[in-house]
Amino acid sequence: MRLKKLPSEFQEALPILEKIRRAGYEAYFVGGSVRDAILGRPIHDVDIASSSYPEETKAIFERTIDVGIEHGTVLVLENHQEYEITTFRTEDVYVDFRRPSAVNFVRSLEEDLKRRDFTVNSFALSEEGEIIDLFNGLEDLENRVLRAVGVATERFNEDALRIMRGFRFQASLGFDLEEETFKAMADCAPLLEKISVERIFIELDKLLLAPYWRKGLEGVIASQSYQYLPLLQNSQLSLEKLFQLSMDYTFTSSEQAWAALLLTLDENKVSAFFKKWKTSRDFAKKVEQLVEIYRLREKASLNRRDVYRYDRNLLLSAEELRQAHGLPVDFQVIEELYDSLAIHDKHEIVVNGGMLMKEYNLKPGPSLGQVLSAIEWAIVDGELENDKKAIGNFLSHYLEEMKGEA
Ligand code: ATP
Ligand code: MG
């Protein structure tokens with residue numbers, strides 16, 4: 001089959017293929033971008049595979065960066081674009097089920113395509129627009145089926161991450177898993193315990209954010225794969241609660257997707273949960289706050305102080321989740337409250353501790369902290385203007401009262 005029109009991303013990269021070819025090697029577009037081009041979906045990262053070895057690739061181009069030379073990948077910088085060029089390779093024995101014990105560079109395209117995960121990910125596209133389809137991927141695309149390349153159990157035994165990738169592609173493409181492929185994924189699921197959690201997180205995160213996340217998640221549940229993921233053992237009933245979200249709902253951020261997951265798990269130890277998943281602390285913090293907001297909202301409408309305490313996006317994100325659960329929402333109230341706040345952070349207050357110590361002769365310590373928070377909350381509550389004079393008056397009263405109490 002020939003692609004009638006090469007998408008512009010490929011057109012722009014044609015001179016790269018041409019250069020490699022003129023140097024005496026083969027080069028093709030490969031991977032997800034070819035699949036997406038055939039499907040008429042938007043293309044991200046154009047990947048190129050070549051028979052040239054890394055050192056040979058580097059000799060062809062003026063500007064290159066070694067990004068993963070041990071895997072055969074060289075980054076080429078040409079006409080303000082970056083292209084990853086990877087040497088054709090095979091991957092043999094996977095000693096730790098995780099990483100190939102050795103990467104073998106080869107000169108044969110076929111060998112390279114054989115080591116790829118699913119038939120629809122194993123196309124190569126030539127300069128002329130010819131699709132090279134060694135494993136009937138075109139038929140599988142047509143039938144919207146994900147099928148492992150070669151013997152399925154062998155492929156998932158080699159690299160169990162492919163199990164999660166399979167569900168992730170289900171979620172992004174909406175395809176079904178071919179029967180043998182699914183069986184092999186379920187059989188090999190225990191091997192997921194050997195895969196680095198960071199890599200699994202990336203796949204599960206992509207799955208949750210994809211349009212057909214329900215389908216992907218159904219696969220994760222049906223194959224029992226969740227039993228081998230951090231802190232998700234025995235979570236089937238909880239995971240299934242996610243299906244109660246309105247049918248067409250898609251998550252609008254990773255934080256939101258994982259917050260929804262943690263809410264269904266009724267997981268209170270959010271930071272411990274993400275420690276196991278080895279995410280960034282910033283990410284864990286945001287999810288934790290989103291869960292907090294959601295729980296606050298279950299009890300009542302948010303007040304000025306709640307709205308002050310949290311980031312605007314998180315507040316609205318929690319509200320979206322409520323909407324997806326069919327619960328009443330307060331988008332407008334929250335936005336109005338947020339906009340009406342005189343400050344959104346204590347650093348916006350026109351005075352600070354240093355100024356107060358100087359002008360009011362206050363000593364550093366807990367009582368200074370108390371004074372500052374009294375000012376902060378009075379401003380947030382709308383009872384005090386964020387203005388030096390107004391704060392001065394407020395302070396005189398406040399300090400008088402403190403004296404009276406003492
Ligand atoms: P996306 O469109 O989400 O980027 P993709 O198909 O391009 O999806 P990538 O993770 O970018 O997926 O990988 C690029 C290609 O490399 C895949 O299409 C597949 O051919 C191959 N590949 C990636 N990871 C694996 C793996 N673990 N096992 C086998 N082949 C893989
Ligand atoms: Mg890709």
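How many aromatic pairs does a search of the whole structure find? The search finds 19. Here, rings of Phe, Tyr and Trp (its six-membered ring) pair if their centres lie within 6.5 Å; planes under 30 degrees apart count as stacked, over 60 as edge-to-face and the rest as tilted.

Before you start clicking, please note that this is a predicted model, in which local features need pLDDT of at least 70, side-chain atom pairs count only at pLDDT 80 or more, and totals for chains, interfaces and linings use all residues. Residues are numbered from 1 along each chain as its sequence is written, chains are lettered from A and ligands numbered from 1 in the order in which they are written, and side-chain values use heavy atoms, with hydrogens and water left out.

**Stop one: the rings around Phe201**

Select Phe201 and Trp258. Their ring centres are 4.7 Å apart and their planes stand at 25°, so this pair is stacked. Phe201 belongs to helix α9 (residues 197-209) and Trp258 to helix α12 (residues 254-265), 57 residues apart. Helices here are DSSP runs (H or I, at least four residues), numbered from the N terminus.

Phe283 sits in helix α14 (residues 281-299), so its pairing with Phe201 ties together parts that are 82 residues apart in sequence.

**Stop two: charges over rings**

Go to Arg107, whose charged end sits over the ring of Tyr53, 3.8 Å from its centre. Then try Arg168, which lies over the face of Phe169 at 4.3 Å from the ring centre. The test is that NZ of Lys or CZ of Arg is within 6 Å of the ring centre and within 35 degrees of the ring normal.

**Stop three: ligand 1**

Arg168 is also one of the residues that come nearest to ligand 1, together with Arg35, Asn121, Arg162 and Arg165.

Next, show Asp159: a polar atom of its side chain lies 2.9 Å from a nitrogen atom of ligand 1. For Arg162, a side-chain N or O atom is 2.7 Å from a nitrogen atom of the ligand.

Definitions and conventions: Helix = DSSP H or I, 4+ residues; strand = E, 2+ residues; numbered from the N terminus. Near = heavy atom within 4 Å. Polar contact = N/O pair within 3.5 Å; in protein donor to acceptor, adjacent residues only side chain to side chain.
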